[in-house]
Amino acid sequence: MRLSKLKLKRILYGISSIFFIGCGGTSQHEPREIKTLYFKGSATNGIDYQCGERRGVSKTSNDKHGSITCVYAPIKFYLGSLYLGEVTNITNQQNIYPQTLVSSFDGDFNNPELLKLTILLQSLNDNPNGNHMNISKGTKDKITLTTLKYLTIKQLNQEIEKMGFTPIPQEEAKINLILNSENTNIGKPTILPFEEDISTNLMVGSTIGQLTIDSGDGTLHHPFLLQGRGAKKFFLNNNGKLILTQSLELEDEYNLTVTATNEYGYTTQTIKIHAIDANKIGKAQMGRLKGATVELFKLNRDGSRVLVGTTTTKTTGNLNQIGNFDLMTNLMDDHQFYIYEITGGVDIDSDNNGIQDSNPTPNQGVMHLITKGIWVKNAMQKIRITPLSEILYIYTTKSMESEASAPKKSLKAFNYSQLEEQLNHHATLLLKSSLDSDQAINAQDITFFDPINNQNTLSDTLTYNHTYQTITNKIRANDPSYKSDIFSAYIVDSFQSNAIEIVGSTIYTIDMMKSGEFRIYDLETKKLIGKLKLPNTPVEEDSHVIYVNLLDKDIWINSLTEWTYSIGIKDYKKPLLVENPFMKNSSLSGNFNHVAIGKSYNQNIFSKEREVYFYSKKLDLKNFQIVSFFKTTIEEKIYQYQFSSNLKNISSLWAYKTYLYIIGDNKIHIFQEKNQKMEFASKYEKQSIKGDILGIEEDILYILDKKELTLLDISNPLEPKFIERFSVPFSYKLGIKTNGNYITTGSKIISIQALRASKNAN
């Protein structure tokens, strides 16, 4: 009998189906291996599951919690009738986590579906103090939900409350899950090892050190977890500072673990704290100075120095311990000044990157720290002797130090009563933010400076062009030129320009060296605000005047002999060219809100607000130079007149309020405007005065002659008083301006305070 093709296919299909009946389409001829899996995050008993016809509940088996047994996948998970999710592929000894059940999970623990599942499981746990979670049948009987899919976290919390339970806070649930999940190496935080020595006498509340905790690819979750014997004696704040919270009476070693988490996982790092019976512990830190000699001198009121103690820096331990030394506080009186002096040893972290060098660098130089006994004893942070403390020492004592040799070096012309004031003053030149809780910058902040973690607090003059690291390298090499570098640390930023105006905290410039662009900078942040390419690129030899008119929000840029631009500044980031340049045949006038100056071969201009002054080679009958005055009143009335300067050679002039200061013939003539006339009022010749006036700010007149800056107090306009005179790193050129805090030279932005301190170098 022959079978039709159709009957044959049916018979073959029926035979084949015998061999392929089973859970998930797997052949029953395969070994029926029972696979054991575990529901984790943390281990959870009471989760209902189904695989094929097998049903069960996760439980404790062989001392392991959350145990599940199945032969085939998929495995579907429930709490009663509430569907949680499923896994489609399984292996023996596999761990199942809540995130395993969330198909949209991509490693980010902020996933909303994962957070809902996590909050639910942890909120229903009736074993909160155990080493695993448990969800009882009685609890599951109270669940009325059939899905979590369309609920918000807020709505889920409301449903949990209706069941009679308290919802676990979202952040707490997330961190618990992360800490109980399989860890990943991708995106999670990193923590560098930390080990430190502390004194058993350390005051409660003191900062022990700064842990380096990187957020990885995510955002750090706070608080950090600190565990281990004695962990309650310490507190790790959100910034990674480890703080002592309980007193230490006995020597001990604390081996603690720190855990940091983000949305991708967690990292645990061991840290070690050695409590030793000693005075307070300081650190010599260039780098880290291993085996250096530390001498403690008492500074007497007559300026003499007396050696009171000697010790050495630590040579063993990890990088954080090397360089530590006993501060010898038992030898210090509270209100006495002391000088620590560090010599010798080797630097094992010469580039301050927190990584030990393979080849240590010998220290051939000297570092100092001037401090008060009470400052050291009451310090809530580690005292560090650094190149910054050496800079403060040099600033404060350079002009007073004699050639006498140690250990009884002396300070000549020493004013002990003003030492604290001078230390605090110079500290404000070195730091731009405080390093302790009082928020005021003073000498104590210098003692806390950590070259690795506090670089961002250094003044701009020390970070510009790597000045601090350059000084550090020279101190280590005993290169005496480091002292000159210290007193040259007044440049804040550099650029190229030959026309500059400052209004408030904004600089308006023309870049003459490269692009020929008009540029606007923020003086405080040194950032470029806006720029505009000028149609005719200026050249370096051009002389220009910039007028800033904030009333009408525009700027005039004038070449004294050729052209004029008008630039709109309604949007500082996108300045607009109002009109094309035009040939200038006559002097400009207008409502200008700040000062502009200009010099050329045939005429010199000073303009301020509604006033313009000209002086040239024109002389009166007594051969005195004549000044022309042009003014526009508020009512837009114009008047002009000429008057004699009573000087044969004018070098500069500046208008201030109703007064006009004219420099010439080594003196200053002061005129005052009265009834639309300029009258001679007084003169200043107590000091020989020559050069160019840079500006008048807060009743201080700045005069530059070659590379020497003179400051005069004109709070009484007719009776100037000499303040000081010191060298500066530039000579006059068109465009130098000051706003009282900075001087711009056309190529540099310079701190006036740092310049003032630099006179000690002379």
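1. Strand β45 and strand β46 (residues 667-674) pair in the antiparallel sense over six bridges. Two strands count as paired if DSSP finds at least two bridges between them. Helices (H or I, at least four residues) and strands (E, at least two) are DSSP runs, numbered from the N terminus. In β46, lysine 667 stands opposite glycine 664. Two residues lie between the strands of this hairpin, and aspartate 665 takes a positive phi near 55 degrees.

2. A word on the basis. This is a predicted model, in which local features need pLDDT of at least 70, side-chain atom pairs count only at pLDDT 80 or more, and totals for chains, interfaces and linings use all residues. Residues are numbered from 1 along each chain as its sequence is written, and side-chain values use heavy atoms, with hydrogens and water left out.

3. Serine 652 stands opposite isoleucine 663 of β45. The hairpin of β44 and β45 has two residues between the strands, and lysine 657 there has a positive phi near 55 degrees.

4. How many residues of β45 are buried? Six of six, across residues 659-664. Buried means under 20% relative accessible area, exposed over 50%, and partly exposed in between (1.4 Å probe, protein chains only). Tyr659, Tyr661 and Ile663 point one way from β45. Leu660, Ile662 and Gly664 point the other way. In a regular strand the side chains alternate between the two faces of the sheet.

5. Now the whole chain. The chain has 13 helices and 54 strands. Of its 762 residues, 52% are buried. Its accessible surface comes to about 35900 Å², and carbon and sulfur atoms hold 48% of that. These areas come from the Shrake-Rupley method with a 1.4 Å probe; for residues, only the protein chains shown count as cover. Among contacts with a separation of 6 or more, 57% join residues 24 or more positions apart. Contact means heavy atoms within 4.5 Å.

6. An open sheet of four strands runs in the order β12-β19-β18-β15, with mixed pairing. Its edge strands are β12 (194-199) and β15 (221-227), each pairing on one side only. The twist averages 25 degrees from one strand to the next. Within the sheet, β18 (residues 252-262) and β19 (residues 265-276) pair in the antiparallel sense over 11 bridges. Threonine 257 has threonine 270 of β19 as its bridge partner.

7. Helix α5 (residues 170-179) lies across β15, β18 and β19, at about 50 degrees to β15. Axes are lines fitted to C-alpha atoms, for helices over the stretch in contact, and angles run from 0 to 180 degrees between N-to-C directions. Which residues of α5 are buried? Ala173, Lys174, Ile175, Leu177 and Ile178 are. Their cover includes α2 (112-123), β15, β18 and β19.

8. Helix α2 also packs on helix α4 (residues 153-162), at about 20 degrees and with axes 10 Å apart. The two helices are therefore roughly parallel. Leu115, Lys116, Ile119, Leu120 and Ser123 of α2 make the contact with Ile153, Leu156, Asn157 and Ile160 of α4. Angles under 35 degrees count as roughly parallel, over 145 as roughly antiparallel, 65 to 115 as roughly perpendicular and the rest as oblique.

9. Helix α7 (residues 387-397) and helix α8 (residues 419-430) pack at about 125 degrees, with axes 9 Å apart. That makes α7 oblique to α8. From α7 come Leu388, Ile391, Leu392, Tyr395 and Thr396. They meet Leu419, Gln422, Leu423, His426, Ala427 and Leu430 in α8.

10. Check two peptide bonds. Alanine 73 and proline 74 are joined by a cis bond, with omega about 5 degrees. Proline 74 lies in the loop between β6 (64-70) and β7 (75-79). Histidine 222 and proline 223 are also joined by a cis bond, with omega about 5 degrees. Proline 223 sits in strand β15. Most residues other than glycine have a negative phi, and most peptide bonds are trans.

11. Two further positive phi values deserve a look. Aspartate 63 has one of about 65 degrees, in the loop between β5 (59-61) and β6. Aspartate 63 is exposed, at 73% relative accessible area. Glutamine 676 has a positive phi of about 60 degrees, in the loop between β46 and β47 (677-684). Glutamine 676 is partly exposed, at 46% relative accessibility.
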